[in-house]
Amino acid sequence: MRRSGMLAVLAAALVFTGLPATAAAEPYLVGRGISDVTGPAAENGMMGYSKFDQKTTGIHQRQRSRAYIVVDQATNKRVAYVNADLAMIFRAVQEAVLAKLKPRYGDLYTKENLLLSATHTHAGPGGYSHNLAYNLSILGMQPQTLNAITDGIVESIIEAHEDLKPGSMSIGRGELTNASVNRSRVAFNANAAADKAFFPNAIDPAMTVLRLKQGNTDVGAINWFATHNTSMTNANTLISPDNKGYAAYQWEHDHEGVRYLENKPGFVAAFPNTNAGDMSPNLNLKPGSGPTENEVENTRIIGERQNHKAQEVYNGPQSAITGAVDYRMRFVDMGNTAVDAKYAADGKAATTCSGVVGASTMAGSVEDGPALPGFNEGMTSPWKKLFEPLHMEVPQWLRDCQYPKASLVPTGIIQATPNIVPLQIVKLGQLHLVAVPGEVTIVAGLRIRRSVAQELGVPLENVLIQGYANEYSQYVTTPEEYDLQQYEGGSTLFGRNTTPAYQQEFGKLAASLKAGSALPAGPAPGKPPFTDINLQTGVVFDDKAPSQTFGQVLTQPAATYKTGQTVSTVFVTGHPKNNLRRNGTFLEVQQLVNGTWTRVADDGDWSTRYHWKRVGIANSEAAITWTIPTGTPAGTYRIVHNGDWKNGWTGAISPLTGTTNTFTVG
């Protein structure tokens, strides 16, 4: 039979069975979206390292939210998946995103079919949790940060929804061995021999790449790989999406020609984390060290390694994603979960414990960045108000439950950290994402994946841990790792049986998913106390010297430059909190092209830096640099600064613009 005749018969058969002809070749609707989630670029505590003096002073690169929506055309079930350049996802974010989506979409997107995940960058503004412990070093809740994050996530989801078109997905796998190292080897070595044998180099080298197409057009990729997003150290104060953000930028901007401010669809490449709890990118096992001794260069190299491997897998052998889209989600009280003997650490029925922070938590991970020098720091004004709720003795019964942890603060009892957390499994054909609200070590992840895969009856490779998802409850270690009370064990809130409890509870979700049955929603988490404490002052007014004007150039660039050199300039400006300029920029590098000034770089680019500093009481300066990339065309250029200033008498906020003299690039 001729090819055209065969196609006609196939089409007729599809019509006869009630399926549209396109549904066979393109069983899904696929959409992608991206938006800006960058919060205050100045005087906002940073989330991740718990350093009180680490506050934002500008932008290295902007943080973004990447969203993908997949609809099963056979059942109309859908999943919205988001990966954002954030330290964590907190329930405050989940609830706000859902609340902002509801007026537009009703119940189309819910906590059941929306998976929110974070890359785990430690170089972004904090203060967007409802739990006091995670706002502590930020000096409380920062509504401006929370709104920037949730608005950006919602925008990316809306963009993905409006982008939905018939499409397909495929999956590829590879290994990356030079972008991570086990930062807790002594704890890893305590695990069972069979588990250690699964990771012969004590790292999880697996990279899983999901390729998304609309028709014949490649529109996106999701690239799961386990490494901490901590190449930028706790000495850094510029906003950065870190190594995973650079990997995404390099693929999107450098390879696919995406220009984020042009507001048109482009390739979207996300680099989410999996079980990265004990995986560090600092290959020499000290902050900012390995592959080089320069944290910015390390960020680029580790990001580039992830990007290159991801593209290699993306363009290599792929297996088509087939089958249904589905999901299960429920809340579980991980502070009080009875664990069956089948899963429990000692083969005897056990229970988890209400959340407790251990002494080793306060030290931080010495390989990625030490935290608080002493828990009592700041017990006097002005931070006393923040610490008072945490100054509570741990009851003896809870100390016994948490043994051998040196228990410091009963954060679960006082709701400074969550006990009730959301657990979710998302099914995209044969791929299953186990959304864990925390940081899972590689062996803990292996055990949870095995339990889920066994319950589903699927190969282990088709089950992935999606870490940092939907909420944050710190670390997930195995019982053996917990007993050694390294940083990760001390930060495992729910005690020795945390991983066994997750094996059991995710197993229940898997069984429900396989059977097509419903699950009870679980206990409803309430809003914690102390959520509105905020000791960080806002912008009162902006001032300048009498001889100055807002936008005035204080330092002009030189007349000529070569590629590889850095252009530097300084402007009189206002406070960045006056206008975050989300989906915009504080700076533009412009080239004169055929008589028209054309933007060639902005504050989302790797080559630029935007530094803000306070001068005196209310004066501000913006220092802007551009390191001229190799391949930059010769020509005439200038730098433009965009900002805003606040009038001390009226409170009005007005835009400002400053423009340098022109300079040539030879």
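**Close-up 1. Phe-506 and its contacts.** Leaving aside neighbours within four places in sequence, Phe-506 is in contact (heavy atoms within 4.5 Å) with Leu-423, Gln-424, Ile-425, Val-434, Ala-435, Val-436, Ile-448 and Val-452. This is a predicted model, in which local features need pLDDT of at least 70 and side-chain atom pairs count only at pLDDT 80 or more, while totals for chains, interfaces and linings use all residues. Residues are numbered from 1 along each chain as its sequence is written, and side-chain values use heavy atoms, with hydrogens and water left out.

**Close-up 2. Two nonpolar cores.** A nonpolar core is a set of buried Ala, Val, Leu, Ile, Met, Phe, Trp, Tyr and Cys residues joined through side-chain atoms within 4.5 Å. Buried means under 20% relative accessible area, exposed over 50%, and partly exposed in between, with a 1.4 Å probe and protein chains only. The largest core here has 76 residues, and Ile-153, Tyr-502 and Phe-506 have the most contacts inside it. Helix α12 (residues 442–456) gives the most to this core, eight residues. Helices (H or I, at least four residues) and strands (E, at least two) are DSSP runs, numbered from the N terminus. In soluble globular proteins, nonpolar side chains tend to be buried together.

**Close-up 3. Aromatic pairs.** Rings of Phe, Tyr and Trp (its six-membered ring) pair if their centres lie within 6.5 Å; planes under 30 degrees apart count as stacked, over 60 as edge-to-face and the rest as tilted. A search of the whole structure finds 23 such pairs. Look for Trp-251 and Tyr-314: their ring centres are 5.1 Å apart and their planes stand at 90 degrees, so this pair is edge-to-face. Trp-251 belongs to helix α7 (residues 242–255) and Tyr-314 to helix α8 (residues 295–314), so the pair ties together parts 63 residues apart in sequence. Both Trp-251 and Tyr-314 are buried. Trp-626 and Tyr-637 make a tilted pair, 5.4 Å centre to centre with 40 degrees between the planes. Here Trp-626 is in strand β33 (residues 619–627) and Tyr-637 in strand β34 (residues 635–646), so the parts tied together are eleven residues apart in sequence. Trp-626 and Tyr-637 are buried too. Elsewhere, ring pairs link Phe-90, Tyr-128, Tyr-134 and Tyr-472 into a cluster.

**Close-up 4. Charges over rings.** A charge sits over a ring if NZ of Lys or CZ of Arg is within 6 Å of the ring centre and within 35 degrees of the ring normal. Arg-64 places its charged end over the ring of Tyr-260, 3.9 Å from the centre.

**Close-up 5. The disulfide of Cys-353 and Cys-401**. With a disulfide taken as a pair of cysteine sulfur atoms within 2.5 Å, the count comes to one. The sulfur atoms of Cys-353 and Cys-401 are 2.0 Å apart, and the link is left-handed, with -90 degrees about the S-S bond. Cys-353 is in the loop between β17 (350–351) and β18 (357–358) and Cys-401 in helix α11 (residues 396–402), so the pair ties together parts 48 residues apart in sequence. Cys-353 is buried, at 2% relative accessible area, whereas Cys-401 is partly exposed, at 25%.

**Close-up 6. Ser-280, annotated as "active site"**. That annotation comes from an unreviewed UniProt entry; UniProt positions are given in the numbering used here, feature names are shortened, and annotations may be inferred rather than shown by experiment. You will find Ser-280 in strand β13 (residues 279–280), and its 0% relative accessibility counts as buried.
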